[in-house]
Amino acid sequence: MNPFKLPVADLERTARSVRRRIIQLNAGSPAGGHTGADLSQVEILTALYFRFLNCAPDRTGDPDRDIYIQSKGHAVGGYYCVLAEAGYFPESWLPSYQHSDSHLPGHPVRQKTPGVELNTGALGHGLPVAVGIALAAKKDNSKRRVFVVTGDGELAEGSNWEAALVAAHYGLDNLIIINDKNKLQLAGSTKEIMNTDPLPDKWRAFGLEVTECNGNDMAAVVETLENLPVNGKPQVIVAHTEKGYGISFIQSKPEWHHRVPKGEEIALALEELKDE
């Protein structure tokens, strides 16, 4: 069971707090950060960790816990902010992000950070590992579910589609794939760099069940997660998001893929993120 089970209004407040943490985290990093990708996924991760995932900071070794995999590993800053907010490690660790000998490196590393389940980049290997974990859970008759968040840019990697074939073949209905479809990647739009549209049709063609939602609308994310079909198929949620969502001068700007706020940008961003 999830230890929080927050209602939508509280999830929205938590998401706003997470966004403030993201700005401060990236602003203090000596190695930069991925501000746009951190921000686009906030509603998704907040809903998972504060309402849906059967896991908790005091149960990181529980064999029946749900598994979350951050496949878009470059967006680890936002992931860390959610883990800290949920109590997986002290909030006092956040200013050490990407500093020497930090518990919080620039990509997820399970040997360093409590709560991280898999070392990832944005290389298309989070989903294949998630499929393996889901298949093992099926063979063990475990009730464990496996959630994985991918970027839309990384779906150009063929390993994702091999994994989709396996997931459908073995009927891994304990696997929930969430595409953070923010339409941008390192150098521009995914449509121009490597067009993966129409994503829903592609997943369906591979035998997976697909639901779409506004991934930056907390109520829509919650409703989608609560009403996933039960039909023996792996589930895909195509979450339509905006890169940099929540801050007007960052949102949908490709240059914020690997930019961090500086100077007056920090104050401007935090002003926009004040509690309403």
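Reader: From which element does the largest share of the lining of the largest cavity come?

Author: Rolling a probe the size of a water molecule over the atoms shows where empty space is left. Here α9 gives the largest share of the lining, three residues (a cavity is a set of points on a 1 Å grid where a 1.4 Å probe fits but cannot get out, and lining residues have an atom within 4 Å of a point). This is a predicted model, in which local features need pLDDT of at least 70, side-chain atom pairs count only at pLDDT 80 or more, and totals for chains, interfaces and linings use all residues. Residues are numbered from 1 along each chain, and side-chain values use heavy atoms, without hydrogens or water.

Reader: Which residues line the largest cavity?

Author: The lining consists of Ile44, Ile178, Cys213, Val221, Thr224, Leu225, Ile237 and Ala239. Both α9 (218-226) and β7 (235-240) contribute at least two residues (DSSP runs: helices H or I of at least four residues, strands E of at least two).

Reader: How many aromatic pairs does the structure hold?

Author: Rings of Phe, Tyr and Trp (its six-membered ring) pair if their centres lie within 6.5 Å, and planes over 60 degrees apart count as edge-to-face. There are eleven aromatic pairs. With centres 5.8 Å apart and planes at 85°, Tyr49 and Tyr88 are edge-to-face. Tyr49 belongs to helix α3 (residues 42-52), whereas Tyr88 lies in the loop between α4 (76-85) and α5 (126-139), 39 residues apart. Ring pairs join Tyr49, Tyr68, Tyr79 and Tyr88 into a cluster.

Reader: Are Tyr49 and Tyr88 buried or exposed?

Author: Both are buried (under 20% relative accessible area, 1.4 Å probe, protein chains only).

Definitions and conventions:
On a 1 Å grid over the protein atoms alone, a cavity is a set of points where a 1.4 Å probe fits but cannot get out, and a pocket is an open set with protein on both sides within 12 Å along at least five of seven lines; lining residues have an atom within 4 Å of a point. Rings of Phe, Tyr and Trp (its six-membered ring) pair if their centres lie within 6.5 Å; planes under 30 degrees apart count as stacked, over 60 as edge-to-face and the rest as tilted. Buried means under 20% relative accessible area, exposed over 50%, partly exposed in between (1.4 Å probe, protein chains only).
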